[in-house]
Amino acid sequence: MLSREIPARCGQGVRPEGVESQFQRIRASSAPRKQSMTSARDISDGICAYLQGGFGNQLFILAAAWQQADRLSCPLYIDASRFLAGDPLERAKETPRDYELSGLEGRGILIEADSPWYRNSPRRPAVIRRTGRSSRHLKVWRQPTFGYHEEVNLVTPGTTLLGYFQSPRYFDRVAEQLATTLEEAVLSDEESRWLRPFEHEAAITAHVRRGDYLNPQTALHHGIASGAYFTRAIATLRALAAPTSHIRVFSDSPEMARRELSHLGDVSFVDEPSNLRGLATIRAMSRGTAFAMSNSSFSWWAAWLLTRRKPTAPVVAPRPWRADGQSGHDQLLPEWLTLDAR
């Protein structure tokens, strides 16, 4: 049974004591999802996180919206409608994904087919938004470019955040609550058993992101951190994290990772159960003594959790962060090291 929470509404005159007190638990129906055009929920009293991308991107978007809802003491709506059905007028530019924040939605109200944005993308100008979805009066704040923009702090209730928000500055005021949520979210019994050895065996984590990055069009946008980069990063981390020398490799292309990194010696390659959630994986990745990142938001969250737990743990990230040469200066923490991604 999925639990959802409703925060105190804006304009009641009393600011709640902390984030938790904004919410009251209710239970959602256990009926399966339906893709019919149900009536739209009124979200004009809160901030809406319009989710897109995979686990890492969804989490960045949620974090940014959470901070704005906290600033305004108003409801936080977590919009997963894009994963049910896309807007026919919106051309998908990303790898097909599912909703991946299961177990974390307790920080707001999950909306799906009842979203005003269901098959009605917030990218649409107001004049051509679908009638009957109560969306023409809603405001949309679209992230202007990659990186942090201070103007986000001018949004008001009734605003949907549209972008990827890949900077810790978008959620610095709720970072502690967010880290606690990620660390304390309940895992399945199978996930807990799988995670347990990582808690007790010292190792340097390497996350080798390949998967959809091997698609030529995707690679033109993201770029790929090469095997040579990981060889240099691991040599650096072995020196910094001594006496730990064992490397634990996570990858969405495990056979390719084996070909690229087996020569380093004292390396193990993690087998992940097929039904493992992203949350369990980033917690396992964060249980290292040091971290060699890919240019991936999934890598980012695991490295961020590691730094929260062990501020002196060395982290190496690839440079540049994107294929177009953007450095990720707004995204990477100042204490993280960078090495040439080639």
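**Entry 1: overview**

I note at the start that the model is predicted. I counted the secondary structure and got eight helices and 13 strands. I then looked up burial: of the 342 residues, 55% count as buried. I also checked how far apart in sequence the contacting residues lie. Among contacts between residues at least 6 apart, 71% join residues at least 24 apart.

**Entry 2: the sheet**

In what order do the strands of the open sheet run? I read E10-E9-E8-E11-E12-E13, six strands with parallel pairing. I looked for the edges next. They are strand E10 (267–269) and strand E13 (337–340). Each has a single partner strand, so one side of each is left without a neighbour in the sheet.

Strand E8 (residues 204–208) and strand E9 (residues 247–251) pair in the parallel sense, over five bridges. Within this pairing I looked up histidine 207, which stands opposite phenylalanine 250 in E9.

**Entry 3: helices on the sheet**

Which strands does helix H7 lie across? I found E8, E9 and strand E11 (290–292). H7 covers residues 278–285 and runs at about 155 degrees to E9. Helix H8 (residues 297–309) also packs on the sheet. I list its strand contacts as E8, E11 and strand E12 (315–319). The direction of H8 makes about 165 degrees with that of E11.

**Entry 4: H7 against H8**

I turned to how these two helices meet each other. H7 and H8 pack with their axes 8 Å apart, at an angle of about 50 degrees. They are therefore oblique to each other. I logged the crossing of H7 past H8 as right-handed. From H7, the residues in the contact are Gly278, Thr281, Ile282, Arg283 and Met285. From H8, they are Phe298, Ser299, Trp301, Ala302 and Leu305. By class I have six nonpolar, three polar and one charged.

**Entry 5: H3 against H7**

H7 has a contact with helix H3 (residues 189–200) as well. The two axes come within 9 Å and cross at roughly 10 degrees. Why do I call H3 and H7 roughly parallel? The cut-off for that label is an angle under 35 degrees, and the crossing of H3 and H7 is therefore roughly parallel. On the H3 side I wrote down Glu191, Trp194, Leu195 and Phe198. They meet Ala280, Thr281, Arg283 and Ala284 in H7. This contact divides into five nonpolar, one polar and two charged residues. I see Thr281 and Arg283 of H7 in the contact with H3, and I see them again in the contact with H8.

**Entry 6: H1 against H2**

I moved on to helix H1 (residues 55–72) and helix H2 (residues 175–184). Their axes are 11 Å apart, and the packing angle is about 135 degrees. That makes H1 oblique to H2. The crossing is right-handed. Leu59, Ala63 and Trp66 in H1 meet Gln177, Leu178, Thr181 and Leu182 in H2. I sorted them by class: five nonpolar, two polar and no charged residues.

**Entry 7: backbone exceptions**

Most residues other than glycine have a negative phi, and most peptide bonds are trans. I searched for departures from both.

Where are cis bonds found? One runs from alanine 242 to proline 243, with omega near 15 degrees. Proline 243 sits in the loop between helix H5 (227–240) and E9. Another cis bond joins arginine 319 and proline 320, with omega about 0 degrees. I placed proline 320 in the loop between E12 and E13.

For positive phi I have arginine 119, at about 55 degrees, although it is not a glycine. Its loop lies between strand E5 (109–111) and strand E6 (139–142).

I found serine 134 in the loop between E5 and E6. Its relative accessible area is 41%, so serine 134 is partly exposed.

Methods:
Residues are numbered from 1 along each chain as its sequence is written. This is a predicted model: local features need pLDDT of at least 70, side-chain atom pairs count only at pLDDT 80 or more; totals for chains, interfaces and linings use all residues. Side-chain values use heavy atoms; hydrogens and water are left out. Axes are lines fitted to C-alpha atoms, for helices over the stretch in contact, and angles run from 0 to 180 degrees between N-to-C directions. Helices (H or I, at least four residues) and strands (E, at least two) are DSSP runs, numbered from the N terminus. Angles under 35 degrees count as roughly parallel, over 145 as roughly antiparallel, 65 to 115 as roughly perpendicular and the rest as oblique. A crossing is left-handed if the near helix is turned anticlockwise from the far one by less than a right angle, and right-handed if clockwise. Contact means heavy atoms within 4.5 Å. Ala, Val, Leu, Ile, Met, Phe, Trp, Tyr, Cys and Pro count as nonpolar, Asp, Glu, Lys and Arg as charged, and the others, Gly among them, as polar. Two strands pair if DSSP finds at least two bridges between them. Buried means under 20% relative accessible area, exposed over 50%, partly exposed in between (1.4 Å probe, protein chains only).
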